[in-house]
Amino acid sequence: MVLIKRIFAALISCCVSLPLFAGWGDVNMTPGVNALSREIFDLHMTIFWICVVIGALVLGFMVYLIVAFRKKEGDKPAQFDDHPVLEMTWTVLFAVILAVMAIPATFTMIRAYDDAEGDINILITGHQWKWQYEYLEDEVSFFSNLSTDLDQRNNIAPKSDNYLLEVDEPLVIPTNKRIRFLITANDVIHSWWVPDFAVKQDAIPGFINTAWTQVDEEGIFRGQCTELCGQYHGYMPVVVKAVSPEDYELWVNEKKEAKIQQALLTEKLWSTEELYEIGEGVYQTNCVACHQVNGEGLPPVFPALAGSDLVLNDKAKQIEILMEGVQGAAMQSYAEQLSEVDIAAVITYTRKAWGNDASGDGEIVIPKEILDYKNNKL
Amino acid sequence: MSAVIDSHSDDHHHGPAKGITRWLYTTNHKDIGTLYLWFSFLMLFLGGAMAMVIRAELFEPGSQIVSPEFYNQMLTNHGLIMVFGAVMPAFVGLANWIIPMQIGAPDMALPRMNNLSFWILPVAFGILISTFFMEGGGPNFGWTFYAPLSTTYAPPTVTFFIFAVHIMGASSIMGSINIITTILNMRAPGMTFMKMPLFTWTWLITAYLLIAVMPVLAGAVTMMLMDIHFGTSFFNAAGGGDPVLFQHIFWFFGHPEVYIMILPAFGIVSHIIETFSRKPIFGYTSMVYAIASIAILSFIVWAHHMFTVGMPIAGELFFMYTTMLIAIPTGVKVFNWLSTMFKGSISFETPMLFSIAFVALFTIGGLSGLMLAIAPADFQYHDTYFVVAHFHYVLVPGAIFGIIAGVYYWLPKWTGNMYDEVLGKTHFWMSFISVNITFFPMHFVGLAGMPRRIPDYALQFADFNMVISIGAFIFGLTQLLFLFIILKSIFAGKQATSEVWEGAKGLEWTVASPAPYHTFETPPEVK
C-alpha cells in the first residue's frame, strides 16, 4: 500500500515537475559556473530547440498524414513514386541546417581544448574506487573517498541530502584562478566529471589528459565517475569546493601542518587497542568494498582475510602487499594513500579481528615498522 | 532416362523430416529462419529479464535486490544478449525466410553452412550464460568491454566470454557470406539490382558491413586473450600498451554494428509502409543510395563514442563533422517514408502501426543522436542516461519495433493463419505507451546529471527512475502477449490468402500461405 502511494506520488511529481512547472534543473543540463560551461549550455539549448522544431514538424506532418489519408471507401491512392527536385531540395536543406549547428560547435570545441598551464595545476588520479588529488605547486596530496555510510546504502539509516555525492575530503580550489586538471588513472579507465564546470575527461592509465576551469563563484560542486570502472563505479563521487583565494591559502597551510603532525605520530608509543580502533576505521573506508565487513572477501576475485594463512602468520608479506599492491589484481599500493599510522593500524586490525587473533601469531604492527620498510626501500 | 528424372523430382517434393532431426539437420531456409527467430525470441526474453533486474534495482535509491557486482553482470549481459542474441539473429532469421522468396530463389545458396551458422549460436550463448555459474561470475565490464577492466581486472570467466564472442562472430560471418552469395547469384531472371526489394537491398549492404567488421571484433578479443594469458601488453599501459587502442578497435567494429542492427529494419518498414499506404515506395533509388551512404559513413564516425578520451582537436572535429553527415541520408529516408504515405490510402493494421511508431520514435532517437554528435556538448552528455535514452530509442522502438512489424507482416505467410488483429493492436498500444514511459524520462535524468551503469543514484533522480522502472515492467510484460499472439496464429486463426495484404507487392506474396516447404523451384520471370 505504501509502495502504491509512493508510485503515485512519483508519477504526480513527475508530471508536475515537467518543464512547465518546476525548475529546469531536474530535467535539463546545468548552465554551470564558468564561461565554458555556460557556452556549452547555450550551444546545447540552440541544438535542442532546432531538434525540437524539426521533431515537431516531422511528427506533426505524420499526424496530418495519418488523419488526412486514412483509407476511405472508393479511394484512389496516387501512384507517383519520386520527385527529384523535391528530393534534392530537402537534401540541401539538411546540409544547411547541419552547417548552422556545426559552426558554433567548432568554435566552442576550440575554446574547450585549451591546455595552457593554469595558475594552479592539479594532478587527478583515478583509483578503484576513489580519486587522488595532487597539487603540483603546493605539494599537497590526498585521497577523496565516498563518505556515505553503508547503512544509508542498505536502507537502514535515512539517506542524507547528498546521498552518494559526498566525500570525506573534497578537492579545494580558489575562485577566479585558472585551474588546470591533469587527469590520469592508476588501474582501469575512470572519467572525472563535474557538470557545473562542463569538465568530463577520461582518466586513462598511461595517459595524462587535460581539462581546465575558472570558477567565478564560491560553492560546492558535485559530480561522479562516468566510466564503468568495476563494481563500485557508482560509488566514487567528485566533490569540488571553490573558496576565496585567501581561504585557499589558509587551507593549503593547514594541510601542510597536518602532514608534519602525522609524521610525528609515527614516533609515538602505540597500544594494541589504539591501533585496533584506528585500524577498524581505516578498514571501513578503504577495505570493506572488496574484503567485506566480515573479512570473508568475495573469492576468487577478492580473497578472504579472516583465517587467511598470510594474515595469520606472515607479517612481513602482509606489509609488503599493502605497500606495493598485487600486480594484476585489484589490490593497489596504499603506501601513498594512507599514513604510516593508518597502514600499521589496519594491518593490526586484520590480524586481531574475526578470530584471527586466536588462530594466528597475534603479532601487531606498529607505525615504526612501516616507516622502516619505506626507509629500507630508499 | 525418364526414370532418373522422375526419381529426381520425387526427391524435390518430399516434405520436412520428422521429429528433432528435422531441426538439427535441416538445410531448408524456412526451417533455419524459424530456428533463428525462435532463438532470438528466447534471447529477447532472457535479455529482457536482465533488464527487469536492472530496473528493479534502480526502482528506488539504495541497494534493492542485487549487489553492485551482480548488477554489472546484468547490464553487461543484457547488452550482449540483446545485441548478439536477440536483434542480430532476428534479422538473420527474417533474411533466411524472406530473401529467397523475395528474389525468387529456391533456397539459400549455401544451405549446409546455413545450418552450421545457426547451430553454433546456441553453443556460443550456452558458453556465455554458463559463466554465471562459475567462480567469479559472468562478464561484468559492460557490453563494450573496455580494457583494462576486461583484461587485467576481469573475472577469470572472461576467457569463456572471448570464446563465445568468437563463435558469434563466426556465425555472423557465415550468415553474411550466405546472404551475399544468395543475393548476387540466385535472383530470378529479370530481377536487376535496381528492381530488388528494399529488404533484400538493406540486407545485402548489412551483410557486407558484417563481413567487414566482425573480423575486427575477433581481432580485439584475440588481443585481449593474448594480454590475459600470454603476457602481451596490447592494452596494458604498464607494459607499453595503449588502453585507448582498444576503444578505437572496438568502435571501428561497434559503429557499423549499430547500423547492422537498424538497416534491415529500414527495409522491413519500407515494405510495410508501401503496402498499407497502397502506393509505391517514394524515392526507391534515393532509398538505396541513402542506405549505401549510411553504410559507408559508418566506417568513418567511430570515435564519436570517444569524444572524452583526449583525442587531438582535429580528431574531435573530424568525427563531429562526419557524424553529422549521417543525418542527411537518414533524413532522406524519413522524408521518403512520409512521402510514401502522402496521398496514399492508409489502413492501420498492426504491422503498419509498428512501422509508423518506428518512423516517429526513430526520428526522436535520430535527433538526440544529432545532439550527441556535437562534440563540445557531448562532453556533458557522454556516459549519462541521455546516451542510454538515445540508443534505446533507436534500438527498441527502432530495431525491435522493426522486427515486430516484420513478424506481424509476414506471420500469415509463415503460418497460413491471420494473427488476432485485436490482440495485435493491444500489443502495439501497450508497447508504444510503455516504451515511451520507459525511455523518454531517461533524457531528463541524463541531462540532469545521472551517469549510466550505476547501481544506485542520488536522490534527485528518484522520481523519474521509479517511473522508468514502471514503464519497463509494463513493456516487459506486454511482450508475453506477443508470444501468445504468435502461438495463437500458429495453431488457429482465419485462413490467409496468398496475397495476405490487399495489394501487397513482391514475389513472396505470389506463393501460397503458408509458404510450401520448397518455393520457386522454377524461377519466376520478373518483368
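Me: In this predicted model, how many residues of domain 2 of chain B are in contact with domain 1 of chain B?
Reply: The model is predicted. Chain B is divided into domain 1 (24-261) and domain 2 (262-518), with 19 Å between their centres over C-alpha atoms. Domain 1 of chain B brings 50 residues to the contact, and the number from domain 2 of chain B is 52.

Me: Which helices of chain B each supply at least two residues of the side of domain 1 that touches domain 2, and how many residues of that side are nonpolar?
Reply: The helices are helix 3 (29-57), helix 4 (68-103), helix 7 (198-229) and helix 8 (243-260) of chain B. By class, this side of domain 1 of chain B has four charged and 13 polar residues, and the nonpolar ones number 33.

Me: What separates the centres of domain 2 and domain 3 of chain A, and how many residues does each give to the contact?
Reply: The domain assignment of chain A gives domain 1 (28-54 + 85-113), domain 2 (120-262) and domain 3 (266-377). Over C-alpha atoms, the centres of domain 2 and domain 3 of chain A are separated by 26 Å. The contact takes nine residues from domain 2 of chain A and, from domain 3 of chain A, six.

Me: How does the side of domain 2 of chain A that touches domain 3 of chain A divide by class, and what is the number of polar residues?
Reply: On this side of domain 2 of chain A there are three nonpolar residues and one charged residue. The polar residues number five.

Me: How many residues of chain B are in contact with chain A, and which elements of chain A give two or more residues to the side that touches chain B?
Reply: Chain A has 83 residues in contact with 88 residues of chain B. The side of chain A that touches chain B divides into 48 nonpolar, 22 polar and 13 charged residues. The elements giving two or more residues to this side are helix 1 (2-17), helix 2 (35-68), helix 3 (84-112) and strand 7 of chain A.

Me: In what order do the strands of the open five-stranded sheet of chain A run, and which are the edge strands?
Reply: The pairing in this sheet is mixed, and the order is 4-10-9-6-7. From one strand to the next, the twist averages 25°. Each edge strand pairs on one side only, and the two are strand 4 (171-174) and strand 7 (199-203) of chain A.

Me: Which residue of strand 7 of chain A is the bridge partner of A:Trp192?
Reply: Strand 6 (residues 190-194) and strand 7 of chain A run antiparallel and are joined by five bridges. The partner of A:Trp192 in strand 7 of chain A is A:Gln201.

Conventions. Residues are numbered from 1 along each chain as its sequence is written. Chains are lettered from A and ligands numbered from 1 in the order in which they are written. This is a predicted model: local features need pLDDT of at least 70, side-chain atom pairs count only at pLDDT 80 or more; totals for chains, interfaces and linings use all residues. Domain bounds come from an automatic or database domain assignment. Two residues are in contact if their C-beta atoms, placed from the backbone, lie within 7 Å. Ala, Val, Leu, Ile, Met, Phe, Trp, Tyr, Cys and Pro count as nonpolar, Asp, Glu, Lys and Arg as charged, and the others, Gly among them, as polar. Helices (H or I, at least four residues) and strands (E, at least two) are DSSP runs, numbered from the N terminus. Two strands pair if DSSP finds at least two bridges between them. Axes are lines fitted to C-alpha atoms, for helices over the stretch in contact, and angles run from 0 to 180 degrees between N-to-C directions.
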